[in-house]
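I wanted to look up who pairs with whom, and how.

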Amino acid sequence: MSAPPAPAAPEAAARAIELRALLQRAAHAYYVLDAPLMEDPVYDRLYRELVELESIHPELVTPDSPSQRVGGAPAEGFTSVEHRIGLLSLDNAFNTEELERWYRRLLRELDRLPAGEEQPLPALAMVSELKIDGNALALSYENGVLVRAATRGDGERGEEITANVRTIQSVPLRLQLADPPAWVEVRGEALIPDATFAAINAERTARGEAAFANPRNACAGTLRQLDPKVVAARRLDFFAYTLHLPDGWQAGEGDRARPTSQWASLQWLRAAGFRVNPNTELLPSLAAVEGFFAQWEEGRKALTYATDGVVVKLNDLRLQADAGFTQRAPRWAIALKYAAEEAPSRLLRLACQVGRTGAVTPVAEFEPVPLAGTTVSRATLHNADRLSELDLHAGDTIVVRKAGEIIPEVVRVLPELRPAGATPLELPHRCPECGSELVREEGEAATRCVNSSCPAILRGALRHWVGKGALDVDGLGGKLIEQLVDRGLVASIADLYRLDAALLASLERMGEKSAENLVAALEASKQQPWHRQLYGLGIRHVGEVNAKVLAREFPSAAELGVAATRAEPETSMRIHALFGIGEQIAESLRQWFATPANGRLLAELKALGFSLTASAAERTAASRGNEEGKPLAGQTFVLTGTLQSLSRSQAQARIEAAGGKVSSAVSRKTNYLVAGAEAGSKLAKAESLGVRVLDEAELLVLLPTI
């Protein structure tokens, strides 16, 4: 009889208590608050340490240990529902050696492990699927119709979010089966594509809200929105990966064929109308799985969604049943995860950059470290809040990684390695470029220099003006702009157009020919379209797309300035009514056009040969909307009241996509008024003018032809 395990040392018991507290706090922040405290690799490392401690010292296991349950509790605000079949988690492997150890354990459970260590391992067919960085859902269908959708929750109970999931286009509301089973539960992953994730974060940042930490966090936040219209606008996607059928449902042919393997289950799901990740393969052996994993380590970077590993599943469902489950995970599946490459380094100093809007960004400069194929020595710290959150001190040891394997970021500080007497670091109170007092407005994350004559702001404004999306001036790069500003040769955008070839040729790295070419490029830039000129002015929150929208509605700087600064509701509403232009952009335009220095800049540009006006061709294209051949071309709509299936912005977008124009005011030129619930005075005016009134159903009859 083997001796009982030695009691845990006090140090081990204390560490187990600490790990439980850390993991429970992180799980609550992630699953309940949607505000993660730590990155997945950090959580995984702490979790594995706890499991190892508890395996060595079983007496340390407590009922509330994270190792004894699957996930966190459902959040408040939604109905809690019990899953028909529990949603278990997956064990993780972080390299091929750990994958092989899992495979040996699986063979042992199936009584197929060879007796000798030197014997080759028997091959079992396995399915390898990319591990989507999203949120697990359980979809319940009765007689082929979707009746309930729930989040994973704690694995036993989740939140019912059926109304939200119905908005996901890749989730069928009715199964495409001629004879569906009485019930089936489909499991899969809801996700947000990378482009949508970036757009959501850009909008949140522009509104002064905290950005989502990652696509999975954004997806979770979206699924838990109380308004399904918000979910619909974010265009989630869904990949199905498994299903559960009634025990008594017998195998048949065609739609009624009961899958006997994971691969057949995926084909069943496809036939039923679900999206299945196309990057999934049926592989004959462990070596083939390792090859799949290696292939996608680089290949995943080209995908349009986030994935952090590969899920490996035993293919034969009967063998899955034989292998069974542990308390928290199936023995027949594992998540083989890619490492988030991190490296420690020592902080050398805190630098600050001043952007064209005056925003001051703290930057950590540290001892160079190799990361994802490059050597990095600088990483942005974003703003004062992030600096405070990190609790950064002089000489700290920091952990650095590449966010999305592209942008270096400081993940955390290791305070246990902090030098004695190290001083905490914070943003300076004065601009590092011009010495002006820095300002942080209430509700804003950024700290700014508000001195319009600050050299850093000027350099940023000039770089923006000559950039590709704006005036696109070839030959005027950052180094040359620095010379022009540092020597006092340029104090505004307009000064660029007062430079001559002789002066430019006297600057470093500039010859006579280069100078002549630059002068010619500057002169040619005066012919750029009005929307590029508008974007080049660098008005806060006005990007390339918004500049085009504004330029179509207001074909000159003078007209836009009047609309931006006039108090009359009819005038200002012309801006607010534009698709994609909200209160924040409207206020930014008002401030910019109300600033005397900006008025002087426009006057100078006009005198230098800029029209600041749309050309005749641009006006014609804008009036026609370049929509010849589209069903609603030349038709003007006004929207009023609340629509049931579309938000106001969605209706406007669809009308415009069909060639129509949406106006904010009813006039004799209005072709249609679309009246929803609680329509106001616009309805009465339309009726008095004889404008045709459509309800939502009649509008939808027009829109399907788009």
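Entry one. I began with burial: phenylalanine 293 and tyrosine 338 are both buried. I keep in mind that this is a predicted model.

Entry two. Next I asked how many aromatic pairs there are by the ring rule. The count came to 11 aromatic pairs. I took phenylalanine 238 and phenylalanine 274 from the list: their ring centres are 6.5 Å apart and the planes meet at 55°, so I noted this pair as tilted. For that label I needed the cut-offs, under 30 degrees for stacked and over 60 for edge-to-face.

Where do phenylalanine 238 and phenylalanine 274 lie? I found phenylalanine 238 in strand E8 (residues 237-244) and phenylalanine 274 in the loop between helix H8 (262-272) and strand E9 (280-283), so the pair ties together parts that are 36 residues apart in sequence. Phenylalanine 238 is buried, at a relative accessible area of 0%, and phenylalanine 274 is buried too, at 5%.

I then looked for a cluster and found Tyr141 together with Phe238 and Phe274 in one aromatic cluster.

Last, a charge over a ring: I saw arginine 84 over the face of tryptophan 183, 3.9 Å from the ring centre.

Conventions
Residues are numbered from 1 along each chain as its sequence is written. This is a predicted model: local features need pLDDT of at least 70, side-chain atom pairs count only at pLDDT 80 or more; totals for chains, interfaces and linings use all residues. Side-chain values use heavy atoms; hydrogens and water are left out. Rings of Phe, Tyr and Trp (its six-membered ring) pair if their centres lie within 6.5 Å; planes under 30 degrees apart count as stacked, over 60 as edge-to-face and the rest as tilted. Helices (H or I, at least four residues) and strands (E, at least two) are DSSP runs, numbered from the N terminus. Buried means under 20% relative accessible area, exposed over 50%, partly exposed in between (1.4 Å probe, protein chains only). A charge sits over a ring if NZ of Lys or CZ of Arg is within 6 Å of the ring centre and within 35 degrees of the ring normal.
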